[in-house]
Amino acid sequence: MQKLAQALILSAVFFAAWSTSGTRPISGSVMLGISALAFIFSILNWGFKENSKLSDIAKNPFLLCGGILVLLGIIQVLNPHTIAYDADGYLHARNVKFIKWLPSGINADAEVYGSAKAVAELLTAYFFASALFFHSKNAKFCKFLIKFFALNIAAMSIFAIAQKILNAQAIYFFFSTDSQFYGPYYYSNATCAAIFLGLCATSASFCIDFGASKSFKKKALSFLWIFPAASQSAAIFVSTSVGAKMSVLIFSALLFLLGMFYFLKNKIGKAKTLAAIFAIIAISAIPAFYAANCRYENLSPTKKASVIGRAELALLAKDVFWEAPIFGGGADSFGYFASRAAGKRTFGNKFANSAHNSILNYACEYGAAGLAAIFTVFFLWAKRLFARRKILQAANMACLAGLFTSTFHSMFDIFLQIPSTMVFYALIMTLSASFLKGGAKDGL
Amino acid sequence: MGFKKCASAVFAAIALALAAAFGLFPFFEHKINRDYVAAKAALSAADAGCLDLAEKISSGVKFKPFLSKANAHIALQKLHNDGEAAACAFIKSRGKNFDFEEYAARRLICDISSEPAFAAGLLKIKYEGQINSFKNPYLKAVLFYIMSLKAKPQDAPDYAKKAFGILKAQPKTEDLTLTCVEISKLALEAERPKDFFESLKHCPRAPHYYDALFQSLKHKSFRDYIWKHNRYDWSFYSLETRAEMLSNKRKPPLEIGKKLRYALVNSDFNGRTQNYALFNLPLLADIAFICQKEDLFDAYKNICNSAETLKSMQGSKFGYLKNAAIFFTAANDIDLALKLAGLADNKHQKLRILNSIALQMPAEKACVEKFFEALNSAR
């Protein structure tokens, strides 16, 4: 059963990489089905295994607190406050009667922004993350998974570059579409967010291979990971995603500082190393600020409008949050509330389906209750990370740096509402606190 | 079985149930969108006098806002055809799904419409109090505009001003769009280009705006008005493009030839491909339709019937089919329009094309019946 669960987790990663991001009905349903099966076999494996403990459930950071968020979403689906529809190319919304003291959401068909679709996407990430954490002590599997993920994303990057060069808009050069495609995903920002997480996995894979052997030949072979990293970086830098480009720069800086810390700490001591790192950060902050400012001035009017629009959306999110502060306005409800709050303050007066800031967006859609559940997930994850601090490897630190950068990026983008990137984010989050040295172990 | 085993089995069962419910949800019937189109079309059926059909459709629809409105229109038709008693019986049978204000307003519209023209003083005494008693601002706007059509020339602008003032004050919702379209149709029938454009100015939805404008281009007086007034030169372009032009980011081209080329590059037909050569003929056919050139009409028809051409449309196939369906509906070729809707890649796109057809469809029994047949096949 364990092998089957692991195979399903690998399949979920494969489908997340290649099945058009899961935002459309068919690909989304396939991803949800595979993640759910991975979860079912993982939890049955835990339940029917002799040496597993009941406390493992509480130790899994995603299972119970993530479950609360999912439960909130399900109640929102069952108790809609708005009915939304679109049969003329525009979204319309009308209020309906609902139970006011319960969480409530948006009732809509699958093609329209509605709570059922958003909860289905959330469930995909929830099942995947909960399932994966059950295998986080199995270093052999985790190492294989991280490399599998890195190579899939490298292939995806090459495909994205080829698509860009050939200017082929059809999905996989075959299915026609009027959406903006970059690689196998609909939006270049989503593709690049996924590729960035893949780049973190590539860095971690290099760390695993480099640290695994003392022989020069094997160490040299680990440098082969430069090729996937190069394709991933190239795919990000030829794209239009400013956020992903910034993420690569921040991630590189973090890796450099991390490498410096490991290199210098034994030579000059921890305190002096940390002081040196802080000095570098302080000195580089001023030129970095001026470089960023100069870069902003040189941006095209569209990009500038995008930056300003995000700031406006953040302000708008405050008004949206206060519409339903406890349980939120419902999954995928941001656009409807934003239109009501200040229709003209969004991007070019168009429907903005997200606050373009994950925390604000989840706060608006799931309220303080949902936000509390999310923060508890992060708290439990941090607790596991702290408990395992002595076994953490350089690969874990690479994942952690990537997670930190990706979280920062999510403050300006919507990729933590897209199933594929949610799955990858959960993967990097779990692997940052997983065993990445040694063989297979059970339990949490 | 131990507690741990039970707990894992319970978790697994819940996961399976949730995955089945949410995973299969997209494959269920497109009920809300379909109900929306059906309820709107039931409204058209009632207005076309197809009461049996309208009743049949409305009894299967759960979308309340339009259903209540459709029922009000059916009751009004019953009132005209069978008298007060039949209408009352129908209203009673609909229960809560009946829009009484819509019914009263539509009755009033019929009454005002049947008044002789230029009866200003009489209109004011008889109807103004009643109009002001309505709570629904959209109905009020339509009623005031109807009054302007019946009033003396010197009073008409005041009533029209009242109607447009109400439109201006409303939030940019679907109700406002539909009211703007209704008033623009009234202005079109009354051949009042100024009122037509004034009402469309408040229309928040580009496709409705574009469709209404397209209809107006069939009338010479409207074409002349457009070409005479520079500010309407941009009407060929989408609302977004016009907004961009107004903000001086892009200058509108000056010559007619350049205008057409500009329209080709920026119109919905070519999407982002910028390869306007592929879409040249459909747009020319649209222009030809305006100019009443039958040969280009046939050329357009041939394109729509060519599977090879549709295949080469790539991602713009849906937009092309929709525009072509609108074009043929407006040209009274409902069979071809419905056939084009049937060529859509999925049910949602088919519904969107059917919705566009419903907006343009003539209120004739044969058309409405064919439309419902197509709508039922979209389930």
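Q: Is the crossing of α7(A) and α16(A) left-handed or right-handed?
A: The call rests on which way the near helix is turned from the far one: anticlockwise by less than a right angle counts as left-handed. In this predicted model, the crossing of α7(A) and α16(A) comes out left-handed.

Q: How are α7(A) and α16(A) oriented to each other: roughly parallel or roughly antiparallel?
A: The axes of α7 (residues 188–212) and α16 (residues 419–432) of chain A come within 9 Å, and they cross at roughly 20°. Angles under 35 degrees count as roughly parallel. That makes the orientation of α7(A) to α16(A) roughly parallel.

Q: At what angle do α6 and α8 of chain B cross?
A: These are residues 100–113 for α6(B) and residues 137–150 for α8(B), with axes that come within 10 Å. The pair is classed as roughly parallel because its angle is under 35 degrees. The crossing angle is roughly 5°.

Q: What is the distance between the end C-alpha atoms of α8(B)?
A: Start from the 14 residues of α8(B): at 1.5 Å a residue, the helix should span 20 Å. The model agrees with that, with the end C-alpha atoms apart by 20 Å.

Q: How many of the 14 residues of α8(B) are buried?
A: Buried here takes 20 or more other C-beta atoms within 10 Å. Among the residues of α8(B) that pass are Y138(B), A141(B), F144(B), Y145(B) and S148(B), and K150(B) is on the list too. The helix is largely enclosed by the rest of the structure, because the buried count is 11.

Q: How much of chain B counts as buried?
A: Chain B is built from 22 helices and zero strands. Of its contacts with a separation of 6 or more, 59% link residues 24 or more positions apart. Out of 379 residues, the share that counts as buried is 42%.

Q: Is M156(A) buried or exposed?
A: M156(A) lies in α6 of chain A, residues 139–166. Beyond its neighbours within four places in sequence, M156(A) touches A17(A), G183(A), P184(A) and I195(A). It has 22 C-beta neighbours inside 10 Å, so M156(A) counts as buried.

Q: How do α5(A) and α1(B) lie to each other: roughly parallel or oblique?
A: Here α5 (residues 115–133) of chain A packs on α1 (residues 3–24) of chain B, with axes 10 Å apart and an angle of about 140°. The roughly antiparallel class needs an angle over 145 degrees. The pair is therefore oblique.

Q: How many nonpolar residues are in the contact of α5(A) with α1(B)?
A: The contact draws on A116(A), V119(A), A120(A), L123(A) and F127(A) of α5(A), plus A15(B), L18(B), F22(B) and G23(B) of α1(B). One of these residues is polar and none is charged, and the nonpolar count is eight.

Note on methods. Residues are numbered from 1 along each chain as its sequence is written. Chains are lettered from A and ligands numbered from 1 in the order in which they are written. This is a predicted model: local features need pLDDT of at least 70, side-chain atom pairs count only at pLDDT 80 or more; totals for chains, interfaces and linings use all residues. Axes are lines fitted to C-alpha atoms, for helices over the stretch in contact, and angles run from 0 to 180 degrees between N-to-C directions. Helices (H or I, at least four residues) and strands (E, at least two) are DSSP runs, numbered from the N terminus. Angles under 35 degrees count as roughly parallel, over 145 as roughly antiparallel, 65 to 115 as roughly perpendicular and the rest as oblique. The expected span of a helix is 1.5 Å times one less than its number of residues. A residue is buried if 20 or more other C-beta atoms lie within 10 Å of its own, exposed if 12 or fewer, and partly exposed in between; C-beta atoms are placed from the backbone. Two residues are in contact if their C-beta atoms, placed from the backbone, lie within 7 Å. Ala, Val, Leu, Ile, Met, Phe, Trp, Tyr, Cys and Pro count as nonpolar, Asp, Glu, Lys and Arg as charged, and the others, Gly among them, as polar.
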